[in-house]
Amino acid sequence: MRQLIRPALSGLLAAAGGVAAGELVASLVRPESSPLVAIGGTVIDATPTPVKEYAVATFGTYDKPLLIGTILVVLAALAAAVGVLAVHHRTAALLAIGALGLVGAAAALTRPTARPIDALPALLAGAVSAGLLAWLAPKAAPAAPPPVVGPTTAVDGAHPRDPAAIPAAGAGEASPDDSAAVLPSQRTGRTERRSFLIAAGLVALGTALAGGLAAIIRRSGAQAADEAREAITLPAPADPGPPPEKTPGFYTPNQDFYRVDIALTVPRVDPRQWTLQLTGMVDRPTELTFDDLLKQQLIERDITLNCVSNEVGGPYVGNARWLGVPLAPLLRAAGVQAGADQIVARGADGITIGTPVATVLDGRDAMLALGMNGRPLPAEHGFPVRMLTPGLYGYVGAAKWITSLELATFSSFDAYWVQRGWAAMGPVKTASRIDRPKAFARLTAGTVPVAGVAWAQHRGISAVEVQVDDAPWQQATLLPVPSTDTWVQWTWNWPAATAGSHTLRVRAVDGTGALQTEQRADPFPDGASGWQSVLVTVA
Amino acid sequence: MYGKRKLTALAAVAAFSLSLALSACGGENTAATTQPTGLPTTVPTTVPTALPSMPGAAGGEFGPACATIPKDPANPGSLEMMAKQPVATAAAANPQLSTLAAAIQAGELADTLNNAEAVTVFAPTNEAFAKIPKADLDKVLADKELLKKILAYHVVDGKTAPDALAGTHKTLEGQDITVTGSGTEFKVNDTAMIVCGNIQTRNGVVYLVDSVLMPPS
């Protein structure tokens with residue numbers, strides 16, 4: 001077993017050196033081309049879609065580091081195995097380690113946002129690993145097993161901790177009964193061990209330097225993007241929004257705005273290098289820079305955005321004041337060809353989101369948003385540019401870190417979530433939520449203020465009703481809103497709440513006069529529905 | 001000795017290269033994942049959480065009935081999936097809790113449980129409900145007020161960890177329950193055994209009990 005340690009270690013070091021070199025090159029060339037991130041993304045995509053009804057899952061704090069960690073552990077195990085393989089089958093081992101590089105390259109090339117150059121870091125990682133292994137493997141070759149007879153045992157006894165006491169391979173000619181003849185082999189063993197340790201140390205050092213440098217470059221790249229973001233002064237809108245609403249809670253602060261995406265790492269896009277490709281079924285394919293967008297006639301709008309995975313009463317909805325470029329004029333300028341019914345937006349995190357062309361062109365304020373609540377978009381919310389389509393769930397209308405818009409058809413392309421069984425069309429369902437009192441609240445008898453929000457973007461909300469237990473529904477008061485594209489805050493005073501446990505229910509009527517459906521639906525595949533209830537206790 | 005030393009060195013190098021690579025590619029992750037709001041970042045599918053070889057966020061559950069929980073992490077009733085769901089949705093996915101899920105629905109408590117900030121739920125298993133004569137159970141299920149009262153008696157405000165489990169807890173129904181025991185063996189109100197404890201959900205921790213708890217008054 002112990003003869004395998006040096007070979008395994010050499011395999012591990014060779015792989016670590018290669019990965020570090022790959023990460024270093026990736027950090028220099030294109031951060032997205034990191035072989036580890038590419039493999040992580042591929043693993044996520046290749047994982048079978050599980051049972052759909054419950055397909056609402058948290059990208060929790062640990063999942064992403066765990067994923068990368070798991071990939072590293074698997075890689076380390078493979079590398080150690082390859083190192084051991086190299087003892088007797090050096091060529092096979094080198095081929096195996098090269099194959100790992102190819103796997104990484106394939107993963108990088110098949111990412112949705114891949115460019116040919118993305119293969120480079122993984123290929124380089126494979127080549128460096130193979131080179132390091134070719135160099136380390138001979139030095140790590142295990143010694144022949146020690147002879148079982150007399151003097152050697154004595155030598156072993158004399159150097160119980162010294163692995164060099166095991167005669168090295170090739171020293172077997174020494175006569176086992178001549179203790180003097182063992183000494184040269186001992187020396188050879190020591191020299192070999194020393195040379196292996198020096199080589200291993202050098203590789204470890206190189207790995208540390210390359211990895212450290214990659215981390216520094218990556219961080220400075222992110223920093224450059226962050227600084228570029230900080231340096232942006234958003235232009236005044238040509239078409240400003242109405243005076244901001246003053247009611248607390250109408251706007252969701254940027255740091256509190258829900259975040260739902262597939263990004264393994266939050267893309268840090270430098271706006272100076274960013275371009276937007278307008279391609280596909282258009283007469284005039286267009287490329288726009290960030291500055292090009294800033295020079296457009298910007299609009300400022302209050303728009304509520306919500307996630308299709310939000311459960312009844314859930315938190316994945318927010319409202320912000322957005323600054324952006326109206327999308328319809330851009331599309332018209334590019335010349336949308338007949339038959340194109342889907343806009344496929346691609347984001348730097350690899351997402352694809354498909355939005356109906358007709359929806360974007362129907363006069364609503366679909367936009368490429370640059371600003372959120374008076375600030376450039378936060379990195380987490382898609383800096384430098386995200387799409388917004390009022391009236392649609394985010395998964396069909398609000399791609400973040402957007403890099404291209406391709407005019408296509410629904411029949412020719414399924415976007416990311418559609419591939420996973422979610423509906424291709426995602427108009428928001430009318431919904432209402434009780435924010436006060438909280439679930440299981442303990443209240444004092446008397447008048448109890450009840451409040452919440454209701455939303456049916458682009459249709460608007462015309463009424464909200466509240467019910468206590470089985471009493472008749474009561475009209476809530478609606479606070480003013482700037483348009484039909486935002487949520488509506490509502491309040492209702494519950495008069496003379498009596499002791500005991502009570503259930504409060506809420507429902508809304510949208511701008512078309514349609515009552516929110518009572519019919520319960522899970523978020524999958526096209527959004528939750530049902531009247532929310534809250535159990536409270538009045539003391 | 002020789003082998004041990006080398007193994008330690010190997011482990012050290014492995015750990016070193018792992019941490020290195022992690023910082024190299026995951027450095028920005030911290031910023032992304034530690035959101036000051038505490039709002040969970042979710043994706044509308046289970047794909048990322050269903051990675052078969054990935055150690056889940058779940059863990060620390062104990063008790064004989066835990067063995068009956070689906071093992072496939074892609075199964076909605078698995079510990080991994082329950083950890084991602086709000087508590088009522090998570091319970092509804094667990095095959096041992098289907099009667100409870102029906103009761104929660106009948107009592108109109110799913111939204112309240114799902115949107116509670118943090119709760120501890122003592123969840124009677126199907127076997128626990130089966131101990132109640134059918135006529136009595138049907139009567140309770142038909143009496144919404146009584147049902148709500150009984151269900152709320154199984155819920156305690158806040159997430160209660162196993163080491164804080166023993167003792168008296170005020171339920172959301174208003175009356176107390178008493179948990180006795182230690183380690184991995186606990187009883188509630190001297191009648192209900194905790195048969196699988198410390199199951200994590202997005203907003204609550206669940207302890208499966210083998211008897212339905214009845215409010216004293």
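Reader: Let's start with A:H458: is this residue buried or exposed?

Author: Buried counts as 20 or more other C-beta atoms within 10 Å of a residue's own, exposed as 12 or fewer, and partly exposed is in between, with C-beta atoms placed from the backbone. A:H458 has 21 other C-beta atoms within 10 Å, so it is buried. Bear in mind that this is a predicted model, where local features need pLDDT of at least 70, side-chain atom pairs count only at pLDDT 80 or more, and totals for chains, interfaces and linings use all residues. Residues are numbered from 1 along each chain as its sequence is written, while chains are lettered from A and ligands numbered from 1 in the order in which they are written.

Reader: What is the phi of A:H458, and where does the residue sit?

Author: Most residues other than glycine have a negative phi. A:H458 has a positive one, near 75 degrees. You'll find A:H458 in the loop between β14 (446–455) and β15 (461–468) of chain A. Strands here are DSSP runs of E, at least two residues, numbered from the N terminus.

Reader: Which phi does A:F440 have?

Author: A:F440 isn't a glycine, yet its phi is positive, about 65 degrees. A:F440 belongs to the loop between β12 and β13 of chain A, and it is buried, with 23 other C-beta atoms within 10 Å.

Reader: What is omega for the peptide bond joining A:R436 and A:P437?

Author: Most peptide bonds are trans. The one joining A:R436 and A:P437 is cis, with omega about -5 degrees. A:P437 is in the loop between β12 (431–436) and β13 (442–443) of chain A.

Reader: And what about the bond from A:F383 to A:P384?

Author: That peptide bond is cis, omega near 10 degrees. A:P384 lies in the loop between β9 (375–376) and β10 (386–388) of chain A.

Terms used: Helices (H or I, at least four residues) and strands (E, at least two) are DSSP runs, numbered from the N terminus.
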